[in-house]
Amino acid sequence: MSQVRVLVGTRKGAFVLTSDERRARWEVTGPHFPGWEVYHLKGSPIDPNRLYASQTTNWFGQILQRSDDGGASWAAVGNEFQYDGVPGQHKWYDGSPHPWEFARVWHLEPSLTDLDTVYAGVEDAALFRSTDGANSWQELAGLRTHSTAPSWQPGAGGLCLHTLVLDPSNAGRMFVAISAAGVFRSDDAGQNWRAINRGLRSEGIPDPDAEVGHCVHRISMHPSRPNVLFMQKHWDVMRSDDSGDSWQEVSGNLPTDFGFVIDVHAHEPDTIYVVPIKSDSQHFPLDGKLIVYRSRTGGIEWEALTNGLPQHDCYVNVLRDAMAIDSLDSCGVYFGTTGGQVYGSADSGDSWAPIVRDLPAVLSVEVQTLP
Amino acid sequence: MIRVVFPPHLRTLAKVGKEVEVQVEGPVTQRAILDALEATYPVLQGTIRDRVTLRRRPLLRFFACEQDLSDEPPDAPLPDAVAMGSEPFMIVGAMAGG
């Protein structure tokens, strides 16, 4: 019988939730790294027992942890993230120049093809790669030295590289999203990058359709169709059918198109999920009702999924890395909230139930489908 | 031996108790103690001082002999009581409430 393992990063530690394929009864372990912010955990697609975790506090900085036994035990690995050469400057919130300073690892993305290769997206925005199981890190500096980088400005969470998507059909192609710079694509394994933000419009910047400056919250891809990308921007849900060369808005009938997460069904490449949030100034669901919206048409037409979700007095947020999808035949969908709930659906979103209700604020959710 | 007192999170990381002892060759300074600590417990690299600049992390303080020595030069000699091991060198995290 298959198993699923949900990896949850929170403001005060990490938790591992496991269940069999029925996904009805869950075992919860944790907190791992108690008291630390765990921005992200993720497992290798090659060996699911190889996990990485980003553990950080403002007091003691960045620690990287690795497990080789599915989270039963952990060991600290390399935490030296040194920008390549003189880091230079980006723009600060007030528009003044500000030196590039490493703050934390937001996102860890294990390689699709090599067990010991893993990527780290960091704040201040840059991409690092390790080829020795996270013991040492080297910057892929072509991103941070992109010609537009001196104009990048942080979003409210910092100038963070929070999303990295690897193309399973093209070993050299990868996509990153940076708040608030936008989306970038490399076709040579991270050496060179181009901004791919054509079609995005953002009212909070002087030129709404500028080459960079867009606060992209999340992008996702179905592995069977890597040229199609979906995006939850600050405002607007977007879609690209040409690997990001151009984007079209697919917010359609959503009641509000602000939000953070977006993800794709495991077996239906045109079925996507978002959790609309009221606005950029009110980071909670509309009317106190927590609703996942699902589109079976790749956007435009959306249906509200409410069965099992709180429909009154709910004022949590769902952060950008806090939704994940398993690959069981009846596809499971999971998301975590800033109120400490992790909700799961074992039927593609038709019905929901809390797996846990009282964790610290959830920063990230990943899921592994285990044989 | 130099006595060093850790905050709880660093004890967990280094897998030690509240206080450890380290051997320092030559003058007993902040830098010498931190070098010895990081050599003995590599997991602490980057957690007390920045890995590149070696500056004290902003939310940590260094106390000893009822004095705040945080802003003393890293190569300034520490009090004799620390050097003699009769008083600990304390690494303290800024208080966090809320």
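First, the ground rules. The model is predicted, local features need pLDDT of at least 70, side-chain atom pairs count only at pLDDT 80 or more, and totals for chains, interfaces and linings use all residues. Residues are numbered from 1 along each chain as its sequence is written, while chains are lettered from A and ligands numbered from 1 in the order in which they are written.

Confidence next. The predictor gives the complex an ipTM of 0.92 and a pTM of 0.96. pLDDT is the predictor's confidence in each residue, from 0 to 100. Chain B averages 95 on that scale, and 97% of its residues score at least 70.

Now chain A. It has zero helices and 30 strands. Helices (H or I, at least four residues) and strands (E, at least two) are DSSP runs, numbered from the N terminus. The C-alpha trace of chain A spans about 50 × 45 × 40 Å along its principal axes.

How much of chain A is buried? Buried residues make up 53% of its 371 residues. A residue is buried if 20 or more other C-beta atoms lie within 10 Å of its own, exposed if 12 or fewer, and partly exposed in between, with C-beta atoms placed from the backbone.

On to the cores. A nonpolar core is a set of buried Ala, Val, Leu, Ile, Met, Phe, Trp, Tyr and Cys residues joined through C-beta atoms within 7 Å. The largest one has 110 residues, and Val8(A), Tyr334(A), Val342(A) and Val365(A) have the most contacts inside it. Contact means that the C-beta atoms of two residues, placed from the backbone, lie within 7 Å. Leaving out residues up to four places away in sequence, Val342(A) touches several others, among them Val6(A), Leu17(A), Pro354(A), Ile355(A) and Leu359(A). A second, separate core of 17 residues includes Val4(B), Leu34(B), Leu44(B) and Phe89(B).

Stay with Val342(A). It belongs to strand S28 (residues 342-345) of chain A, and both faces of that strand are covered. Val342(A) and Gly344(A) are buried on one side, Tyr343(A) and Ser345(A) on the other. What are the neighbours of S28(A)? Strand S27 (residues 333-336) of chain A runs antiparallel to S28(A), joined by four bridges. Strand S29 (residues 353-356) of chain A also pairs with S28(A) in the antiparallel sense, over three bridges. Pairing here requires that DSSP finds at least two bridges between two strands. Tyr343(A) sits opposite Phe335(A), and in S29(A) its bridge partner is Pro354(A). The hairpin of S27(A) and S28(A) has five residues between the strands, and Gly340(A) takes a positive phi near 90° there.

Two cis peptide bonds to look at in chain A. One runs from Gly30(A) to Pro31(A), with omega near 0°. Pro31(A) lies in strand S3 (residues 27-32) of chain A. Another joins Ser179(A) and Ala180(A), with omega about 0°. Ala180(A) is in the loop between strand S15 (174-179) and strand S16 (182-186) of chain A.

Chain B. Three helices and five strands. The order from the N terminus is β-α-β-α-β-β-α-β.

Two backbone angles in chain B. Lys15(B) has a positive phi near 60° and is not a glycine. It is in the loop between H1 and strand S2 (19-22) of chain B. Lys15(B) is exposed, with 8 other C-beta atoms within 10 Å. Glu66(B), also not a glycine, has a positive phi of about 60°. Glu66(B) is exposed too, with 7 other C-beta atoms within 10 Å.

Last, the interface. 13 residues of chain B are in contact with 11 residues of chain A. Which element of chain B gives the most to that side? Helix H1 (residues 8-14) of chain B, with three residues.
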